[in-house]
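Please look over the sequence and the model below with the backbone and the secondary structure in view.

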Amino acid sequence: MNEKFYHYSAFCGLFGYPIKHSLSPLMHNLSFDHHNMDWIYLLFDVPPEDFEKSVIGLKTAGIRGFNVTMPFKESIIPLLDNLDEGSEKIGAVNTVNIVDGEMTGYNTDHSGFYKTLENHEDDINENKIILFGAGGAAKAVLYALTHSLEVEDVLVIDIDEKKINALKANTESWGVHNISFSISENIINLNEKIQEAKIIINATPVGMTPNPDNSIIEDINLLTEKHIVYDLVYKPQKTKLLQMAENKGAVAIGGLEMLIYQGADAFTIWTGREMPVDKVREKFKEALGNG
Ligand code: NAP
């Protein structure tokens, strides 16, 4: 057996609950191998009542950095020494780096999302966006749209009034004035709004396995080749919404890209190196298959 399996010079990992099926170990361990680094990325599937003591214990044991996912993206914050600007404004952390015993929180969901749209920046700026969903993922997406891009306006739509109100309250401190919010049942002229928008983003679980026949937009004729359609769902890789977009000649972007780039930014924060994103994408496509 390779000597490397007996000794690692550093370890990182993911805290979440439940996370048994996470693709993150595949992405990071492949990237460590790519750079010939004897680091390892592990899963810490801990129930909420054990979260704080697990973080403190692993910090004591020398963990170099880690990701946090549901349900810990907010509860990690009081345990940290510093927050970067994005994670502070979003109020959620998905990446922690530890240097000289100090834990700093970052949010690479927003920076990763932005990177996936860098090539489309000219199309997006000064255009209208519709964002379906007002949950955790939508918050990071909204931050990227209003801080890294120069969109004309974003309309956020969600079925859940509480989520809409919470997101609205959160964004008030951002000092941006180009976001409007609506509950699905109150929306007027949605079809026209979809037709006027340049980019349509699904940040809801609609269309996700085990319900792949659902789509946040039901009428395919609302989509045209001028649209960019972004579905954060990555299981299945090609959701019904993305199939509809492709059929109409629109640009269709799947959630795998955001997953890869949020990981790539975390990898760079910990190691100072670039993730081999093409290799990771290939492996993820193999791992996910069509399901
Ligand atoms: P979340 O916090 O539960 O937010 C989803 C929101 O969508 C909820 O407020 C939900 O309302 C709402 N919703 C459900 N059906 C809707 C509909 N038909 N119309 C409008 N709003 C609707 O979930 P999340 O963590 O933000 O994740 C959302 C999706 O993004 C998931 O599919 C997740 O897998 C994906 N995601 C992808 C990435 C990536 O890297 N690609 C990262 C994060 C998340 P209720 O609460 O009332 O159901």
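Directly after helix α11, Gly289 adopts a positive phi of about 55 degrees. The model is predicted, so local features need pLDDT of at least 70 and side-chain atom pairs count only at pLDDT 80 or more, whereas totals for chains, interfaces and linings use all residues. Residues are numbered from 1 along each chain as its sequence is written, and side-chain values use heavy atoms, with hydrogens and water left out. Helices (H or I, at least four residues) and strands (E, at least two) are DSSP runs, numbered from the N terminus.

**Helix α11**

- The helix α11 covers residues 277-288, and its 12 residues reach 16 Å from the first C-alpha to the last, close to the 16 Å expected at 1.5 Å a residue, where the expected span is 1.5 Å times one less than the number of residues.
- Val277, Val280, Arg281, Phe284 and Leu288 of α11 are buried, a term that means under 20% relative accessible area, while exposed means over 50% and partly exposed lies in between (1.4 Å probe, protein chains only).
- Seen down the axis of α11, these buried residues fall within an arc of 100 degrees, so they line one face of the helix; the arc is that of the directions from the helix axis to the C-beta atoms.
- On the other side of α11, Asp278, Glu282 and Glu286 are exposed.
- The buried residues of α11 pack against α1 (24-34) and α10 (255-271), with contact taken as heavy atoms within 4.5 Å.

**Strands β1 and β2**

- Strands β1 (residues 10-16) and β2 (residues 39-45) run parallel and are joined by 7 bridges, and two strands pair if DSSP finds at least two bridges between them.
- Gly16 stands opposite Asp45 in β2.
- From β1 the chain crosses through α1 to β2 in a right-handed β-α-β crossover, that is, with the strands pointing away from the viewer, the path from the first strand over the helix to the second runs clockwise.

**The open sheet**

- An open sheet with parallel pairing is formed by 6 strands in the order β9-β8-β7-β10-β11-β12.
- At the edges stand β9 (179-183) and β12 (251-254), each with a single partner strand, so one side of each is left without a neighbour in the sheet.
- Strands β7 (residues 128-132) and β10 (residues 199-202) run parallel with 4 bridges between them, and Leu131 stands opposite Ile201 in β10.
- Parallel strands β11 and β12 are likewise joined by 4 bridges, with Asp231 opposite Gly254 in β12.
- The chain crosses from β11 through helix α9 (residues 240-247) to β12, and this β-α-β crossover is right-handed.
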